[in-house]
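Good morning, and thank you for coming.

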Amino acid sequence: MVEAFAVASGKGGTGKTTSTLALGMALAEDYDVTVIDADTGMANLLFHAGLDDADVTLHDLLVDERDAAVSDAVYERFGMSVVPCGTSLAAFEAADPGRLRDVVAELAADTDVLLLDSPAALGSKSAVLPVVLADRIVVVLQPTVPSLSDGLKVQEYAHSYGTDTAGVVFNRVRPDENVDKIAEQAGRYFGGQTLASVPESDAVRAARREGKPLLAHAPEDPAADAFREAAARLDVRD
Ligand code: ADP
Ligand code: MG
């Protein structure tokens, strides 16, 4: 049975896209994984996955007169099926976000794990639908109280739609930062689970510049190890 995860956060720039691709590659060792850039307003997964010139994207599947098949927007990359989204504002405005439900249902029929790279803020249909459609959310946070507070709101929203919490990924953790205290607080509020503490890493930035997921660019990097640990802790249902 397919399990769908929304990779979410309160604010932008916490590392959702980085995490989506890293978790996807780690899970692809054991499962058929499909990654969708469901951040349709601020899509940039394509830049992280070498798909800048993808012809057909999720945007084409969300417009009214849909002449693209879902399979046209699926690209086999890095051992995963990747559905990028385009970056045009006009296409975003023309898109009907509600169609994401059908696209996800179609993709779900053909994969074990779906990862939805999700928009940051709540407040519009396109922003919340990925969280609503997922079985569980992975919340990507910086190890700070404000970030935790943002993440809690996302969780509250998710729970109100019956979406559970898989846990928290603390990202961009600096060497002098001790995440124990914040992890303990997060544990109390986020279903008890810190999935990983991912260090700030030059390899993450270099990977993006290369248009490759971290696990393809620098599989031995400590940040890659942390993401593999997070993927194992997800305990994906079979
Ligand atoms: P989001 O999708 O949440 O907006 P991204 O994954 O695009 O966030 O990351 C935002 C920026 O932060 C990117 O430039 C990315 O390379 C950088 N970044 C993310 N995680 C790390 C990390 N662990 N170490 C260093 N840079 C990171
Ligand atoms: Mg992103």
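First, the conventions. This is a predicted model, in which local features need pLDDT of at least 70 and side-chain atom pairs count only at pLDDT 80 or more, while totals for chains, interfaces and linings use all residues. Residues are numbered from 1 along each chain as its sequence is written, chains are lettered from A and ligands numbered from 1 in the order in which they are written, and side-chain values use heavy atoms, with hydrogens and water left out.

I begin with helix 7, residues 145-160. Helices (H or I, at least four residues) and strands (E, at least two) are DSSP runs, numbered from the N terminus. Helix 7 has 16 residues and spans 23 Å from its first C-alpha to its last, close to the expected 22 Å; the expected span is 1.5 Å times one less than the number of residues.

Which residues of helix 7 are buried? They are Ser-147, Leu-148, Asp-150, Gly-151, Val-154, Gln-155 and Ala-158. Viewed down the axis of helix 7, these buried residues fall within an arc of 160°, so they line one face of the helix. Here buried means under 20% relative accessible area, exposed over 50%, and partly exposed in between, with a 1.4 Å probe and protein chains only; the arc is that of the directions from the helix axis to the C-beta atoms. The face turned away from the buried side carries the exposed Val-145, Pro-146, Glu-156 and Ser-160. Among the elements covering the buried residues are strand 6 (136-141) and helix 8 (180-189).

Next, the core. The largest nonpolar core has 82 residues, and Leu-27, Leu-58 and Val-138 have the most contacts inside it. Such a core is a set of buried Ala, Val, Leu, Ile, Met, Phe, Trp, Tyr and Cys residues joined through side-chain atoms within 4.5 Å. Beyond residues up to four places away in sequence, Val-138 touches residues including Phe-5, Leu-23 and Leu-234, contact being heavy atoms within 4.5 Å.

Turning to ligand 1, 16 residues surround it, each with a heavy atom within 4 Å. An oxygen atom of ligand 1 is 2.7 Å from an N or O atom in the side chain of Lys-16, and an oxygen atom of ligand 1 is 2.9 Å from one in the side chain of Arg-172.

Finally, Thr-14 lies in the loop between strand 1 and helix 1 (16-27). Thr-14 counts as buried because its relative accessibility is 5%.

Methods:
Polar contact = N/O pair within 3.5 Å; in protein donor to acceptor, adjacent residues only side chain to side chain.
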